[in-house]
Amino acid sequence: MNFVQENNQVLYIWGGTISADIEQEVNQLKSIPGVKVNVENAERVLLGGYGQSQFDIILANVSTGNSELVSHLLKLTKPRGKAVFKDDSAAGGAETVRANLLLSGFINIASAEGNVYIAEKPNYEIGSAAKLSLGGGANKAKVAAVWKLDVNDDDEAEERIDEDELLDEEDKVKPSAESLRVCGTTGKRKACKDCSCGLAEELDAESKGAAVAAAQSAKSSCGSCYLGDAFRCATCPYLGMPAFKPGEKIQLSDTQMQADV
């Protein structure tokens, strides 16, 4: 009972029936000047009736494995107040009791003889909030010091990359819309097998247009290019095109614009 001091508010919790030992302990507590003792059964404590942070000392002859009860006792204890548990039921001994109390929010847990464990409530109210000051004054100087890079003469002598030299003039040229038109499956300006986005038709039209332009700009050196394929050389630029008159614009029919395969 040396945990209890004068003028303390004490909550004595018991389980089962009140024995002669419990009556003797309670009477000893009441003999301390100014001490007020509330004796309560463990099951009734959970039903309420006591205010938050009401007791300086809680003496609990209960199992610390009852997390609901232990957490509730933490709320009833004043900040920096103590809870003394007598737990004879912990299968894992002191380590199990210590873990139970820590998980419930108690700190500074110590053990004594007879399976007695003393735990302390932190010096703040459960559910309280505090504003963090991260700027201004000394704190601001500390934050600035954390992000400050130490520069010495050796660092200044090190060779650094000039960011202006990372890109050439070609890299700065804005690409055209045509060059950015690529197939989603090939990853380049090449149509896939089942192209449905229009790129295949666009590339086909470009290739045929280039062939027609080449044919129209070419000049016949043998004089037979205009007569048809039967009179044309193997390398004739007009190969595959219909016969035409010199200077005439070549007109291709729809059937000639379609592939044979």
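Asp56 is found in strand 3. Helices (H or I, at least four residues) and strands (E, at least two) are DSSP runs, numbered from the N terminus. The model is predicted: local features need pLDDT of at least 70, side-chain atom pairs count only at pLDDT 80 or more, and totals for chains, interfaces and linings use all residues. Residues are numbered from 1 along each chain as its sequence is written, and side-chain values use heavy atoms, with hydrogens and water left out.

Stay with Asp56. Its relative accessible area is 19%, so Asp56 is buried. Buried means under 20% relative accessible area, exposed over 50%, and partly exposed in between (1.4 Å probe, protein chains only). The Asp56 side chain reaches the backbone nitrogen of Gln9 at 2.8 Å. It also makes a polar contact with the side chain of Lys78, at 3.5 Å. A polar contact is a pair of N or O atoms within 3.5 Å; within protein, one must be able to donate a hydrogen and the other to accept it, and residues adjacent in sequence count only if both atoms are side-chain atoms. Leaving aside residues up to four places away in sequence, Asp56 touches Asn7, Asn8, Gln9, Thr77, Lys78, Gly81 and Lys82. Contact means heavy atoms within 4.5 Å.

Asn41 is another buried polar residue to look at, with 14% relative accessibility. Asn41 sits in strand 2, residues 36–41. Its side chain reaches the backbone nitrogen of Glu43 at 2.9 Å.

Now step back to the whole chain. It has eight helices and six strands. From the N terminus, the elements run β-α-β-α-β-α-β-α-β-β-α-α-α-α. Of the 261 residues, 24% count as buried. Among contacts with a separation of 6 or more, 55% come from residues 24 or more positions apart.

Turn next to helix 3, residues 67–76. Leu69, Val70, Leu73, Leu74 and Leu76 are buried there. Seen down the helix axis, these buried residues fall within an arc of 160°, so they line one face of helix 3. The arc is that of the directions from the helix axis to the C-beta atoms. The buried residues of helix 3 pack against strand 1 (9–14), helix 2 (42–45), strand 3 (55–60), strand 4 (77–86) and helix 4 (94–104).

That leads to the nonpolar interior. A nonpolar core is a set of buried Ala, Val, Leu, Ile, Met, Phe, Trp, Tyr and Cys residues joined through side-chain atoms within 4.5 Å. The largest has 22 residues, and Ile13, Ile58, Leu73, Phe85 and Leu101 have the most contacts inside it. Strand 1, helix 2, strand 3, helix 3, strand 4, helix 4 and strand 6 (116–120) each give two or more residues to this core. Helix 3 gives the most, with five residues. Apart from this core lies another, of 15 residues, among them Leu29, Ile32, Val35 and Ile57.

Finally, look at the rings. Two aromatic pairs are found in the whole structure. Phe85 and Phe106 form one that is edge-to-face, at 6.0 Å centre to centre and 80° between the planes. Phe85 lies in strand 4 and Phe106 in the loop between helix 4 and strand 5 (107–112), so the pair ties together parts that are 21 residues apart in sequence. Rings of Phe, Tyr and Trp (its six-membered ring) pair if their centres lie within 6.5 Å; planes under 30 degrees apart count as stacked, over 60 as edge-to-face and the rest as tilted. Both Phe85 and Phe106 are buried.
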